[in-house]
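Let's take a walk through this model, starting with a pocket and finishing with a strand.

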Amino acid sequence: MSAPSAPQSAEPPGPTVCPVGAKRFWPRSFVHRLTAPLPDVRDLLRVVREGAMRPAPETLDDIARLPCAPGPLPEAPPGTIAVTWAGHASWIVRVGGLTVLTDPVWSRRILGTPPRVTPPGVDWSHLPPVDAVVISHNHYDHLDAPTLRRLPRETPLFVPAGLRRWCRRRGFTSVTELDWWEAAELPAADGEGGRVRFEFVPAHHWSRRSLTDTCRSLWGGWVLTHCGEHARGRLYFAGDTGYGHWFAEIGRRCPGIDLALLPVGAYEPRWMLKPVHTSPEEAVRACGDVGARAMAPMHYGTFLLSAEPPLAPLERVREAWAAAGRDRADLWDLPVGASRVLEPERERSVPET
């Protein structure tokens, strides 16, 4: 399947802003959004035959060296973006005075994988009230029902097209489904006024939770923008994705990204996972494509989902960052549980839309 070409125009179009919680109607399948064919039966048989989806036993001693440093959540002054890595693709993001969780997974294990090798970076009881949750897609390591059950049912959920029914069946009353390049907004709560925009953007991935629902819901990443009177900031959460043309288009349509949260793990065997999971080197390239000034690696060091050694994603992303000539201070290779606070550069402020 050939990848669709990204649209070209002189001025990037703004997102379509949709009402929070509106009921939408979607096609039965999003398979036409795939940018690469899904694995077929021969690929799955090859994986089983080669035993190629787990790290070699001699590399498992690296687990004890995975950086894990749980600490208290930092202060998030007005005009800043604060992020704390809870592990895998789960972040606690404070932006515009709101606390936002990305793909929250606090469970010890997920379906079909060994237990997590590092604990959640922040104990659930230590979280502040959660103002919103963003979900990138419905795979079990990103959409974790036991974790979501811990949330008040009125918590706003921002999800890909096709997932509203799943969330509503679990009692959530504010569920906003979005297509690519659509957005919804919540009022900011940091005393500065303004709003926080949640824009759903494309990814090179797919979706499935059972044998009968392949690509019945969409997949993607999120751009969170604080549109305040005195300070502005923009964060990109890539979710789960392979490398491809969408990164450059995200950078064109969402200029001024301050921080990109990008996946660097679960990439071996490459012959199978390249279309859907970026390698560390591809993640660094993607950071440049989206125009982000800082990058925080994720999607490693929590669940052993693939064959690379546990420490390899971290070691390789550091090498790739240096090889790209990027400022070492702009690589936020945080231990699980660690935090950073970013003050958006005013000269790169996000254009008002």
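## The second largest pocket

About 560 Å³ of space lies in the second largest pocket. A pocket here is an open set of points on a 1 Å grid over the protein atoms alone where a 1.4 Å probe fits, with protein on both sides within 12 Å along at least five of seven lines; lining residues have an atom within 4 Å of a point. The volume is the space filled by probe spheres set on the points, which are joined across faces, edges and corners.

Of its 20 lining residues, the closest to the centre are G162, L163, R165, W166 and R216. Helix α3 (residues 164-169) gives the most to this lining, with 4 residues; helices are DSSP runs of H or I with at least four residues, strands are E runs with at least two, and numbering goes from the N terminus.

## Ground rules

This is a predicted model, where local features need pLDDT of at least 70, side-chain atom pairs count only at pLDDT 80 or more, and totals for chains, interfaces and linings use all residues. Residues are numbered from 1 along each chain as its sequence is written, and side-chain values use heavy atoms, with hydrogens and water left out.

## Strand β3

How many residues of strand β3 (residues 90-95) are buried? It's 6 of the 6, so the strand is largely enclosed by the rest of the structure. Buried means under 20% relative accessible area, with a 1.4 Å probe and protein chains only. S90, I92 and R94 point one way, while W91, V93 and V95 point the other.

β3 runs antiparallel to β2 (residues 81-87), joined by 6 bridges; pairing takes at least two DSSP bridges.

Conventions. Buried < 20%, exposed > 50% of the residue type's maximum accessible area, 1.4 Å probe, protein only.
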